[in-house]
Every structure is written in structure tokens, then in C-alpha cells.
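Try each task before reading its solution.

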Amino acid sequence: MLKLLTFGTLLAGAFASVEDTYEPADSKVNVLDYDNFHRFVETHHDDMILMEFYAPWCGHCQQLAPHYREAAAELAKADLPKKVVLAKFDDGDDDNRRLRAGAPDVYNFTSYPSLFVLTEGEHERYGGGREADDIIFHMSAVAKGLDPYEEELKTKPGLYKDNEEYSKWVRDLMDEEEMSPQIADSPKNTLRVTEFYSDRCPFCKSLASEYVQACKDLKEKFADEVECHAVNSRVYYDVAEEWGITGYPWVAFFYQGKKIEDMAGLGGSDSIVNWVSKMHAEHFDPDGVSPPPPPKKPKKVEAEETEGDAIEGGEENSGPTEWNSVLFEHARFLLHSIAAKYPEDPSAEDVESVKALVGSLAQLFPSKSGTNSLRSALNSEAVGPIDTSSSSALSSWMCKLENALTPSEMDCTKVGLDLLEIGDVDHEEAGWSTSTPAPWSQAVFSADPEYHLKIIKTAEDAWQARELFKVLELSKRLGITTKKGEKKMRNSILSGKKSQEEYLKYLSGEVEDALKESSL
């Protein structure tokens with residue numbers, strides 16, 4: 001049955017034709033050509049334009065056309081802060097090719113249809129769906145000044161949750177907070193089948209009814225010993241990445257908090273039932289011990305024991321804990337130490353590095369309450385933006401950050417900060433291996449650690465690499481270097497075919513010429 005459904009999906013696309021790309025007289029889609037393209041864009045400079053570059057012979061363009069037309073009609077009537085207009089440009093036409101729309105220095109595309117959002121002289125690729133409702137949703141959000149991806153997350157899109165018949169048998173897991181208690185930390189001794197899918201993938205859509213049928217059959221066969229779940233990995237890609245899922249549709253088998261096996265040869269409902277039955281026979285233990293429940297919260301500690309150094313605002317306002325206290329004390333010592341040893345006259349790399357460090361702590365701090373507290377403090381006016389202008393300024397800022405995180409009221413003037421003076425640590429005595437200073441470029445290491453490891457052997461190498469990366473970034477903005485060209489250059493340097501000095505001279509010359517031409 002699945003093969004018939006999938007073939008039917010393909011047939012639906014096959015029945016679209018060149019005529020589908022022609023706009024009727026009442027269409028709200030603006031059809032452009034070489035002669036009026038720039039005039040149209042200038043006329044709608046302050047509006048929000050969704051521009052489609054297409055070719056009439058392109059099957060995907062033919063399938064998109066009716067959805068695009070419907071979205072244009074609805075958006076033309078919409079009351080939005082910015083007017084939204086939809087336009088299309090036949091890039092397959094020989095005369096229109098004079099526009100060079102696909103060139104790297106223009107819109108930089110290599111396939112049809114390619115869609116871009118244009119406003120106020122800038123453009124970016126359209127990242128929404130290709131059905132009318134998706135286009136309307138995405139462009140409405142952009143016109144309101146909202147992030148369409150964040151807005152979509154709020155709707156928690158899924159193939160199963162909004163279908164009453166489907167949701168009886170398959171539970172859509174909306175994010176990692178649902179994935180963890182249902183899959184990784186569930187105390188139930190249950191086999192769990194989970195499909196990772198995209199709600200915009202035609203094959204995933206055709207598979208949905210097959211997956212539901214399989215889950216229905218599995219429930220009849222194994223009762224509560226098997227449960228079915230699904231994750232929209234287009235939206236919740238971080239959940240998919242965490243479990244090593246690299247595509248969709250993808251079905252995986254979980255038991256006792258671990259992923260046991262990925263399904264090969266995904267087909268109709270029978271193939272899923274047969275595979276799960278095999279997994280059940282091999283892995284299910286009716287007398288097995290369920291995975292332990294999530295660890296309990298750390299034991300509370302009286303406030304006087306922590307001397308006010310633990311981060312406040314723990315789960316359910318439970319107060320300071322031993323774990324949070326230790327984490328915070330280590331983070332506190334690290335930040336104050338870095339500030340104390342930070343240069344009074346920092347380089348650009350010093351400035352970016354300390355910003356990245358603080359941001360990384362707010363992103364990855366290994367405690368949920370600590371993460372929340374850090375982010376709140378970093379967004380407070382009392383702390384203000386991080387001051388990286390000098391060591392004393394950074395130390396004062398770190399002091400304000402600590403005051404915002406704890407009940408303490410440290411003196412953040414120079415007199416107060418002198419009490420935090422930290423001497424050098426004897427790392428050899430502490431057990432660290434010692435070696436001669438190594439050449440270093442923070443900017444290059446952050447951008448490409450492998451390149452740093454293999455190429456930077458001297459201080460001269462580090463300087464050249466920094467300059468090369470700067471010029472490379474500028475050349476990409478000017479359309480001189482493409483991603484493919486950047487990769488080729490990198491591989492050439494890593495293989496020793498050419499030196500970074502040669503590329504630095506070449507790209508510097510190209511950038512200089514391009515800047516001269518643009519100023520003429």
C-alpha cells in the first residue's frame with residue numbers, strides 16, 4: 001500500500017504541466033521580466049517582496065504555482081504592518097537570463113524554484129514551506145517583524161497531534177523536554193518505536209497512515225509492552241541530532257532509556273510490525289528492571305553553609321543546593337581569574353574571546369536553574385553589557401554579575417576588587433604538563449580548529465591565517481569567492497599544494513580591484 005501511496009504522490013506531481021506556471025488575468029502574482037525587474041523592486045522598496053525564480057519546465061515549479069497563487073491572493077488582502085507582494089521571474093527564458101539572477105554576486109542560486117525575501121534593498125533566502133498556508137504564515141510573521149521560525153515553534157507543528165485518528169496511536173513528542181521523560185528517563189518497562197520525520201516531506205506524509213496502522217497492529221499484538229512516538233525533526237532538529245538521526249523519515253527502536261537499533265528497509269506497515277516484533281523477541285524482558293527514574297534533586301543545604309554563594313532560583317524555588325553551589329563557585333573563580341589576568345589594552349581577539357566565554361556559559365551551564373539565573377542577570381540593566389575595554393573594567397563587570405546572581409553586595413570599585421587579586425598558579429606543581437608557548441589565533445581556532453592544528457606552527461603562520469580569514473570573509477561578501485571556492489582553497493592549503501601566503505596575496509588583490517570598481 002505504501003508503494004502505491006508514494007507512487008500516487010509522484011503521479012500528482014507528474015500531472016502538473018507548463019500551463020500551471022502561467023498566471024491568469026486575476027492573479028495577484030506579479031510576473032516580471034528583464035525589462036521591468038529592477039523597476040518593480042525599486043517601486044516596492046519599502047514593501048516585503050517574495051520573489052520566485054523559476055523555469056516553466058521545472059516540475060517543482062509547476063507544483064508550487066497554485067499554492068503560490070493562493071498565498072498571493074490571501075496576502076494581498078491581509079492587514080499587515082508591511083505590505084507583502086509576491087512576484088515570479090522566468091529565469092529559464094533566454095532574454096531574462098541577461099539579469100544573471102543566479103550568479104554568485106546577484107542572488108546566488110543553482111536550482112529552481114529559488115525563493116527570496118526582498119525588502120529595503122536587502123535579500124535573504126525564503127525558509128518557509130511551499131504550501132499556501134506555510135507561505136502566508138511565514139510572510140505574515142516577517143511583515144510583523146517577528147522571527148517566523150520562532151513563531152512556528154510556538155505552534156508545535158506535527159503530522160499526528162492534530163489528527164484525532166492518528167493521535168490515538170502515535171504521540172507527537174514536541175521537544176526535548178517531552179523526549180527525555182518519554183524515552184530516556186521513563187520508568188516504564190516498555191519498548192518504544194519512534195519515527196523522526198519532516199512535516200514538509202512528501203514521503204513522510206505518505207508514510208504517516210502506514211505508521212499509524214503499524215502502531216495500531218502493534219498495540220493489538222503487544223498491548224502496553226510497545227508504544228509509538230514521533231518527532232518532527234525538521235523543527236526539533238536538536239532532538240534528532242542528540243540521538244544520531246541524520247535524515248527522515250527514520251524509525252528507531254528504544255528500550256530502557258537507550259537507542260537499540262535504527263530500522264533499515266523502511267516500507268509499509270507490515271515492514272514496521274515485522275521489525276518491531278523482531279526487536280521485541282530479542283530485547284524485551286517481561287521481568288526486566290525498568291531504567292531508574294531521573295535523579296532526585298540534590299539535598300538542600302542551609303543558607304549559612306553556602307555563605308550566599310549558591311545561585312538562587314533553583315527548580316521549584318527549592319533554594320541553594322550542594323551541586324549548584326559547587327558549580328557556581330568554580331564558575332565564579334574562573335570568571336574572576338580571567339578578568340584579573342585580562343589585558344589592560346586588549347586585542348580584538350581578546351574582546352571577542354571573553355564575550356564568547358560568557359555567552360557559552362549562559363548557553364551551556366550544566367544546571368537548569370544556573371542557566372536561567374545567568375541569562376536573567378545578563379539581560380538586566382543592573383549588570384549592563386559586558387565591558388571588555390580593560391582588565392579593571394571587566395573585573396568590575398564580573399563583580400556586578402556576581403551581585404546580580406547572589407544575595408551578596410560586593411564592592412565593585414577598584415578598592416573592593418583589589419581584595420580579589422589572584423596570583424599566578426604553579427601549573428606544573430598542580431600536575432599540568434608543561435611545554436613551550438604555542439602560536440595561537442583565537443579567531444582562526446573558533447572558525448576552523450582543524451586548520452589551526454595543521455597549518456599554524458609559528459607566530460607568522462598565525463598572523464597570515466588571521467589576515468587570510470579576514471580577506472576571505474570580505475571576498476565572500478563581495479561575491480568573489482563562493483563556498484565551493486572556499487572549500488577548494490582550504491583543501492589546497494591543507495594538502496600543501498599552495499601556501500596560505502599565496503592565497504592571501506591573490507585574494508587581497510581581487511578584493512582591492514573589486515572595491516576600486518565599486519567606487520567608480
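**Exercise 1.** In which helix is the place of Gln464? Then decide whether Gln464 is buried or exposed, and find which residues Gln464 touches beyond four places away in sequence.

*Solution.* Keep in mind that this is a predicted model.
- Step 1: Gln464 sits in helix H19, which covers residues 459-477.
- Step 2: The relative accessibility of Gln464 is 10%. Buried means under 20%, so Gln464 counts as buried.
- Step 3: Leaving out residues up to four places away in sequence, the contacts of Gln464 are Gln500, Glu501 and Leu504.

**Exercise 2.** Find how many disulfides a search of the whole structure gives, and describe the link and its two cysteines.

*Solution.* 
- Step 1: The search of the whole structure turns up one disulfide.
- Step 2: Cys215 and Cys228 form a disulfide, with an S to S distance of 2.3 Å. The cut-off for such a pair is within 2.5 Å.
- Step 3: Cys215 belongs to helix H8 (residues 202-222) and Cys228 to strand S8 (residues 226-232), and the two are 13 residues apart.
- Step 4: The angle about the S-S bond is -105 degrees, and the link of Cys215 and Cys228 is left-handed.
- Step 5: Both ends can now be checked for burial. Cys215 has a relative accessible area of 3% and is buried; Cys228, at 7%, is buried too.
- Step 6: Cys201 counts as buried at 11% relative accessibility, and Cys204 is buried at 0%.

**Exercise 3.** How many residues of strand S3 are buried? Work out what covers its faces and which strands are joined to S3 by bridges.

*Solution.* 
- Step 1: Strand S3 spans residues 84-90, and seven of its seven residues are buried, so S3 is largely enclosed by the rest of the structure.
- Step 2: Recall that side chains in a regular strand alternate between the two faces of the sheet.
- Step 3: Sort the strand by face. Val84, Leu86, Lys88 and Asp90 lie on one side, Val85, Ala87 and Phe89 on the other, and all are buried.
- Step 4: Look at strand S1 (residues 29-32), which runs parallel to S3 and is joined to S3 by four bridges. Here Val31 stands opposite Lys88.
- Step 5: Turn to strand S2 (residues 48-54), also parallel to S3, with seven bridges between them. Leu50 has Leu86 as its bridge partner in S3.
- Step 6: Finally, follow the chain through helix H3 (residues 59-77): S2, H3 and S3 make a right-handed β-α-β unit.

Methods. Residues are numbered from 1 along each chain as its sequence is written. This is a predicted model: local features need pLDDT of at least 70, side-chain atom pairs count only at pLDDT 80 or more; totals for chains, interfaces and linings use all residues. Side-chain values use heavy atoms; hydrogens and water are left out. Buried means under 20% relative accessible area, exposed over 50%, partly exposed in between (1.4 Å probe, protein chains only). Contact means heavy atoms within 4.5 Å. Two strands pair if DSSP finds at least two bridges between them. A crossover is right-handed if, with the strands pointing away from the viewer, the path from the first strand over the helix to the second runs clockwise.
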